[in-house]
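Here are my notes on the model you sent over, as a handful of numbered points. Keep the structure open while you read.

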Amino acid sequence: MPGLDAPFRFVHTADLHLDSPLKSLALRDEALARRVGGATRAALRRIVDLCIDEQVHALLIAGDLYDGEQTSMNTAAVLTAAMRRLDEAGIPVFMIRGNHDAASNITADLMLPDNVHVFDGRGGARTLADGAVAIHGVSFGKKHAPDSLLPKFKAPLPDVVNIGLLHTSLTGAASGGHNAYAPCTLGELVDHGFQYWALGHVHKREVHRDWPAVVMPGNPQGRDIGEDGSRSVSLVSIDRDGAHIETREVADTRFERVGVPLDGLDEASLLPDAMQAALVTAREAIGSDCLIVRLEFTGATPLDWRVRRDLDYLLGTAREIAAGLDGVWVEKIELRTTTATEARSGADSDAAGSDAVDGIAQLIDRDVLASKALIERLERDAAALIRKLPVDVRKRLGEDEAAHRATLLRLAREGSADVLAALRDGAADAER
Amino acid sequence: MRLEKFALTRFGHFTDVTIDFGASPRDDDLHIVYGANEAGKSTTLAALIDLFYGMPRQSPHAHRHDYKTLELGGRLHQNGSTLDIRRYKNTLTDASGERLDENAIDLHGVSREAFGARFSFDRDTLQKGGESMLANRGELGEALFSASAGIPDIQRRLAAVMEPSNRFWEPGRAAGKTLTALLAELAEVEAGLAAVDTDAKAWRALKAQAETAATASGEADARVALGQRRIRERERERAALGSARQRQLAKAALADLDGVPDTPPDWLARLRALAPRHTVLDAGVVRARADLQRLDAELAAITIDEPLLALAPRVTELEGELSAERERAERIAALGDLVTEHERRIASRRESLGAPASLANDALLPRGDALSAIERLVREHEGLDATRCAAREEHDRLLERRSALADETVEAPDPTPLQSLLAHVRDATGGGAVEMLEARWRDAGLELETALEALRPWQGDADALRGLAVPGAADRESRRRALDEAREQRRRLATSDEEQASRHAERLRERHALAGDDALDDAHAEALRARRDAAWRAHAGALDDETSEHRALRHSARAFFETLVEDDTLAARRLSASERVARLRRLDVELAADATEDITRKTRRAEAEAALDAAGARLADEAVALGLPASTLSADVDDWLVRREQALTALARHRKAADEREAAGKRRDAHLARLQTLLKTFATPDAPAPLDGATLEELLAFADARVRVLVEAAESDRRQVAERDRLTRESASRAQALGRCEAALEAWGGRWETALDGHWLGERDVTAVGAHLDTLRSLADTLAALSDDTAERTRLTAERTRFLARVRAVLEAGGEGGDDAEDALPSRLAALSRRVADMRERQASRRRLAAARDAALAEAEALEKERLPLGVELDAMRHRCGVGTVAELDAVLERVRERREREREIEEAGDRLREALDADSVEAALSRLADLDRDTLDDDIARLERELDHAQREAGEHRLTLGRANESLSAVTGDDAVVQLAERRAHLLLEIGEGAIDTLRMRLGKEAVLDGVRRYRDRHRGSLLDGARDAFVALTLERYADLQTRPDDKGEERLRAVSLDGRSLETDQLSDGTRFQLYLALRIAAYHEYATHRVPLPFVADDVMESFDEARTAAAIGLLAGMGRKGQVVYLTHHRRVVEIAREVCGERVQVHELPEPTRPGE
């Protein structure tokens, strides 16, 4: 009977999307762009360093190691070099393909060293540690996998630590549709009888269950503000009785949303102090070498119109403040403020309004944006502009007609608030 | 909300200025605030806004008063009650200083900016409004919105807002990151990516290319190898032909060299090495022998004096000491002078001391440091003597002063009881307390009188007022509300009646218009039908009448026919007009109902009037009950009640003052009596006590004078006693000090004797010794110097004698005779030194020549030793070759070398031949060459080389292809260039996306806002245009009759003004002044529109009529008064004429407030 002398130790990661670029307006700063260029490569390097430093028994990669849009053999070269380093250190690698790497052009030409085992679409199992550990895996054959891949896994081997590698959206069969990726439920995974499910696909880290362990490690390097906060891989130590799971950060660039509360603020000269306080707090709290921040202004303040009007100036100021802190960049300021008047008088539905500008704002909300004729005109106007844009950019305005229309309406609503803020600015001029 | 009072407590250059707008007036609420100075006006406007919204931190009005002390105040009337407020910085409080929430001021959600824009205007904003109407050609929606929001210049503002996003999008704009620039950069980055990156497809193609090229290159290499082998074969054959020819030529040459002797092969080389060397050695031997002879002769010529050389060290040493000797001689002379001087000085000191002549020099002074001890004793004695004199003198003086002081003092009475009573009386009556209470009582009386006066027409005294029964506030409030409600009810009825009357008139008018065609009404139809029936009956009767004729028949038939036709026509018309008929009928019904309604309305009006009368009567009763006329207004009763409270307060104050005044009088009398009694005990004959009738002031003055005299006398006594005690104490202490001094002098005498015991100075007294102390000290120094200098002179003289002896000895040894005087010795020593040096030089020359001779001898011997074997060897060679000279020998050996060379050539050519053809022997090779010829071989080789060249080129090309492919493949190393470019590309897409979305947002936002403005226009156009029309006609003094709108060619509605003669003018055809008035008219209309829907906030206008003539000013004030009927209107001006015109136009209905002339700093 096989047995483990010591716990089996491995690193579990997924969704690195090697060489997919970081997206942030902060990269307008060329020094920063040079610094974070190839952030995913740095993350891969650190993962390999971690495996070697910790002398683990294996590295497990649960899909989407590289990106579907990735066609550069340059990426393949980086990948091969990283795997060779592990080979030289005697560390085997087990990987499956997810929706992205299954669809990638470089998959067929990838020449990986002998220490790397890629499970194919039919699935299979490999044993290690003199037969005390079995690693099972099933790859995506192509981009979509609308059905569960769980039936392709073998039954657990008896008296052995069974580890399963699976790329899944973990949504359950019921919600299976065009957006489901190898759907299955937590219960189904647990029932299968493996001791550790090394999952991939969802970019947010979650330990679904401690024992038998079901772990979605999240992506190790966030690539835009949508993937903010801490990112990590799992360092696992497992035997027949349980698993000890540690998180290890490998990203050197981190995205973070930082709130700037403006409640009750009534002097524009205090805005820089408020931003400074928020940025300093964030810098002190987060140890990352390179912190890309999106500031979110919140709260009810009479300065609302002023903030909207001077947004470019405030962004410049925020960037200057960040330049004085070590390794902090500000990519954008997002406004979630309301005017103090709105906050005070609540929803005043009288269109005669306390103020003609408020009156117009209410008319726009209630009538203008509900007008079919106007929406059609907006769509026509927008179409002429949109034609000039690269295709990749057009996607941002909505992938289908309904989404496109909703985007335009949202932009019209936000834009009208900005325009009205500028007109209020006119009111302030009149006062002066 | 209404502002009843406005206080500029500390603001700008104002201090404690209050404007009282008063309680709500019955009709116009128009206030003209006049200030002579423009700054005061704008400060007032700013202050009003700051009162409502707080003071900005960077307030421009904190120049006179510090920002921290700025204060405004006011009384607001809002939601049926009044509120007193104060404003400090951003803090709002009520009158008692209790902090209030900002919402305590009901501003209906109007922001600070909106208030400034909507509830105020000045000349500048109106000017801009007029200009903006010119700019947008009177576009209606914008004009209405601009006027309503108080925002002029919307188009320019919109253009400014859109500017950045337009800049992003529009092509050809170079500045900043435009879309065009970003797209260009994107294209560049993508091209860069394509250049440096290798994608999977390209990679596969490269790999295939590399494999094909590798195969082709291998094949070409094989062909090259074959070709090269064939060429090598042909070339070997060609070389073999050449070798055979060389062999033949060498054999022929060898035949010519027969008979040359056989010598060892290295002889020629040996000869050519030996012969030149042998010649050189011969010449060397001859030269060396000649040198040897010359040197021997030179050595023999040099002689040496050895004894002289032996003296050299001693001469050198003495020469070295010569300068020291000179210094020594000078020093000995100087010391002689010094000794003489010392002796002279000692003789002089002895004389001044008066020392006995028999005394030796060393017995003149005391031994050891006794001189210092004597010095100390002399100084000590001087100190003790001085102290004794001083002590004695002070002691005597003190005794003298003590005896001068008298012993007796004067006794005076103790003034303390009088002092304490005085303080008590002053506390009770001081500071004019009684007078103050008196004045307070008189003021309170006057105040009470005034308060009672203010209650007129009410009659009665204070007690009557106190007894008066007053109705409760709640009762009064309910009665007043009843009156207000009754008034409101009557107003509503009147409005409703007016509406009903206008509806009724409208119906009558419509009825009249519809009924214009009386053929249609029911009565007419009835009559026609009756006529038709009559005709029918006549016709029927005619038919029945047997006597009737055809004529009559025809007549009746036509009549009937015509009637029938008319009836049918009418029926048809009535049918077609049935709706109008129905409307007519409905109108008739409604008109009838109106009549009934009229009766009901009359009843309700009567009821309302009765209710109003009853409510009025109840309030009148209340007034009568208070003793006021029944006609007193309710508000006046309120005021009267307040005044009554004030009168009661005044009454209470008056009574309290009377009580206090009386008590103070009593206290004063009591003090007077006590003081009088006590003063009698303090009287003296010089200062008799005042008489019984004296006033309190006289008593106090007398008492003060007595106390002052007594206190001074006591103080003087105390000082004298203290002085006497002090003198007694000090004289005793000085006597003690004198005693201590005498004792010390006695002890000193003992020490003095011990110090000078046995010395000749012991016979002198201390003063004499003290006088000679300096002389003694100087004598001691001189004696010491004499001793030192004498000793040194003795030592130096001895050294000199020794040196001169050594010089004489050397000169003698060196045979240097001459003058033996001490002065001549140095020059003699120098002559000897020169001779010694000359001899040393000669000795050195001799040594050099001896060394040169040894070297020449050694060289000659070495050359001869080398020459001998060379000569032997050369002789041997000549003999063997049978020749005499070296030149002949060289020629023979040269031929021997040539013969050997030819033999080697033959052998080598044979070897090459064999090797080239791979033959076993030369003969076999030669036989194979028989069939070959040179030309055929050349042709073959040329052909093969061409083929080879071709194959090599092919192979090169394949290798190049392979190399390039491999290079491309190995270039895929995962360097950073690709990933940096990809990042750049992603970022550019993001930038384009952000820019595009910003632009879209602003464009769509602008469209939405413009659409909103159009909707706003549609919603408000009626009321706004009507109001603006009236105001415009009035402001233009009816030079314009109407305002119209008309769509332009794009369908946008535009404002037009219609002049009195019927011309319709666009806004750009109006004069600037008229446009200004048009915009003002729109602003006034917007105010009315707002006031119709909401309770307006106070409106503040700042001098907009500067350019108006008097008639226009009057018209504008009329319009402001009209606004004043809806809400409070404050007009700020610094033109006295505006105030006068307002008075002419509005009479008492306008309230004028004057701002005080601001005080300048330093006034």
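Predicted model: local features only at pLDDT ≥ 70, side-chain atom pairs only at ≥ 80, totals over all residues.

1. In chain B, strand β8 (residues 1040–1047) and strand β9 (residues 1053–1059) run antiparallel and are joined by 7 bridges. P1047(B) has E1053(B) as its bridge partner in β9(B). The hairpin of β8(B) and β9(B) has 5 residues between the strands, and G1051(B) takes a positive phi near 85° there.

2. Now for chain B as a whole. You'll find 29 helices and 13 strands in chain B. Of its 1163 residues, 38% count as buried. The accessible surface of chain B comes to about 64500 Å², and 52% of that belongs to carbon and sulfur atoms. As for contacts in chain B between residues at least 6 apart in sequence, 75% of them join residues at least 24 apart.

3. Next, a helix pair in chain B. Two packed helices are described by the angle between their axes and the distance between the axes. For helix α7 (residues 200–255) and helix α24 (residues 922–929) of chain B, the axes come within 11 Å and cross at roughly 115°. The crossing of α7(B) with α24(B) is left-handed. Which residues make the contact? From α7(B) they are E237(B), A240(B), L241(B), A244(B) and R247(B), and from α24(B) they are V922(B), L926(B) and L929(B). By type, the residues of this contact between α7(B) and α24(B) divide into 6 nonpolar, 2 charged and no polar.

4. Over to chain A and its sheet. Strands of a sheet pair through backbone hydrogen bonds, either parallel or antiparallel. Chain A has an open sheet of 6 strands with mixed pairing, in the order β5-β6-β7-β8-β10-β9. Which strands stand at the edges? They are β5 (124–128) and β9 (206–210) of chain A; each has a single partner strand, so one side of each is left without a neighbour in the sheet. On average, neighbouring strands of this sheet are turned by 15° against each other, direction ignored.

5. Strand β8 (residues 196–200) and strand β10 (residues 213–216) of chain A pair in the parallel sense over 3 bridges. A198(A) stands opposite V215(A) in β10(A).

6. A few backbone details in chain A deserve a look. Most residues other than glycine have a negative phi, and most peptide bonds are trans. W211(A) and P212(A), however, are joined by a cis peptide bond, with omega about -15°. P212(A) lies in the loop between β9 and β10 of chain A.

7. D15(A) has a positive phi of about 60° although it is not a glycine, and its place is in the loop between β1 (8–13) and α1 (30–36) of chain A. Is D15(A) buried or exposed? The cut-off for buried is under 20% relative accessible area, and D15(A), with a relative accessible area of 1%, is therefore buried. D64(A) also has a positive phi, near 55°, and sits in the loop between β2 (58–62) and α3 (73–88) of chain A. At 1% relative accessibility, D64(A) counts as buried.

How values were computed
Residues numbered from 1 in each chain as written. Chains lettered and ligands numbered in written order. Heavy atoms only, no water. Axes fitted to C-alpha atoms, helices over the stretch in contact; angles between N-to-C directions. Helix = DSSP H or I, 4+ residues; strand = E, 2+ residues; numbered from the N terminus. Left-handed = near helix turned anticlockwise from the far one by under 90°. Contact = heavy atoms within 4.5 Å. Nonpolar A, V, L, I, M, F, W, Y, C, P; charged D, E, K, R; others polar. Pairing = 2+ DSSP bridges. Buried < 20%, exposed > 50% of the residue type's maximum accessible area, 1.4 Å probe, protein only. Areas by Shrake-Rupley, 256 points an atom, 1.4 Å probe, with all protein chains shown as cover.
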